[in-house]
Amino acid sequence: SFCTLLDLRSPLTESTSMQALQQAAGVAMNVAGIKRRWTSQLCDCCEDSQSCLDVCCCTFCQIGRQCTSLDGTPNKMDFAYCCLALLGYYYSSGGLAMMVMIIRYRLIEKYSIEDEGAIKTGCIGLICWPCSLCQTNRELNELGAYPGGTCCAPKPAAASIPHAIGVL
């Protein structure tokens, strides 16, 4: 229910209340069968050089930040996710790509983004994982679930109205 999205025991800040509203909007859009579009293209990395630099230089920490942001805590890095990404990279040939695919799947599901299909998402995660991480970072920032940055932290964007397909 909507009441479980808001934890009344903790003080609501503008970012947490906006994130709760965006998540509720995503759930409502998903129930209604309305999908929103990505707010940026996969290769729009040059438009957001700070997050691109952060993804390239601090990949494992950015994965931790995006996972934590998807879990509901903006601008915080979970060291466990960071270590998991690092171990996945060094001990598995596709561990990093798998984590990028999981982030992408979770973002699509949580915020009711137009589904691109499992094969396309898998290929994007495997072949172009830096571009995918940059795109999911931009999308989280746009949705008010600001993941932050480790080396270069782009300023959080004001959450926008969902870009829905078939509306208007």
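This is a predicted model: local features need pLDDT of at least 70, side-chain atom pairs count only at pLDDT 80 or more; totals for chains, interfaces and linings use all residues.

**Entry 1: the fold.** I began at the N terminus and read the elements of the protein chain as α-α-α-α-α-α-α. That makes seven helices and zero strands; helices (H or I, at least four residues) and strands (E, at least two) are DSSP runs, numbered from the N terminus.

Residues are numbered from 1 along each chain as its sequence is written, and side-chain values use heavy atoms, with hydrogens and water left out.

**Entry 2: chain totals.** I found 43% of the 168 residues in the protein chain buried (buried is under 20% relative accessible area, exposed over 50%, partly exposed in between, with a 1.4 Å probe and protein chains only). The chain exposes about 9,000 Å², with carbon and sulfur atoms supplying 63% of that area; the areas are Shrake-Rupley values with a 1.4 Å probe, and for residues only the protein chains shown count as cover. I also looked at contacts (heavy atoms within 4.5 Å): among those between residues at least 6 apart in sequence, 70% join residues at least 24 apart.

**Entry 3: the core.** Which residues have the most contacts inside the largest nonpolar core? They are Ile 63, Leu 107 and Tyr 111, in a core of 26 residues. I counted as core a set of buried Ala, Val, Leu, Ile, Met, Phe, Trp, Tyr and Cys residues joined through side-chain atoms within 4.5 Å. Helices H2 (49–57), H3 (59–70), H4, H5 (95–110) and H7 (129–142) each give two or more residues to this core, and H5 has the largest share, with six. I then followed Ile 63: leaving aside neighbours within four places in sequence, Ile 63 touches Ala 85, Leu 96, Met 99, Ile 103 and Leu 133.

Entry 4: In helix H6 (residues 118–127), I marked Thr 121, Gly 122, Ile 124 and Gly 125 as buried. Seen down the helix axis, the buried residues of H6 fall within an arc of 160°, so they line one face; the arc is that of the directions from the axis to the C-beta atoms. H5 and H7 are among what covers them. On the face turned away, I noted the exposed residues Ile 119, Leu 126 and Ile 127.

**Entry 5: salt bridges.** How many salt bridges does a search of the whole structure find? It finds two, taking a salt bridge as a side-chain nitrogen of Lys or Arg within 4 Å of a carboxyl oxygen of Asp or Glu.

- Asp 71 pairs with Arg 106, the closest N and O atoms being 2.4 Å apart. Asp 71 sits in the loop between H3 and H4 and Arg 106 in H5, so the pair ties together parts 35 residues apart in sequence. Asp 71 is partly exposed at 44%, as is Arg 106 at 28%.
- Arg 104 pairs with Glu 116, with 2.6 Å between the closest N and O atoms. This pair links H5, which holds Arg 104, to the loop between H5 and H6, which holds Glu 116, twelve residues apart. I have Arg 104 as buried at 2% relative accessible area, and Glu 116 as buried at 18%.

**Entry 6: a surface patch.** Last, I looked at a nonpolar surface patch of about 600 Å², made by Leu 86, Leu 87, Tyr 89, Tyr 90 and Tyr 91. Patches are made of residues with over 30% relative accessible area and no salt bridge, like charges being joined within 9 Å and nonpolar side chains (Val, Leu, Ile, Met, Phe, Trp, Tyr) within 5 Å. Tyr 90 lies in helix H4 (residues 79–91) and counts as exposed at 56% relative accessibility.
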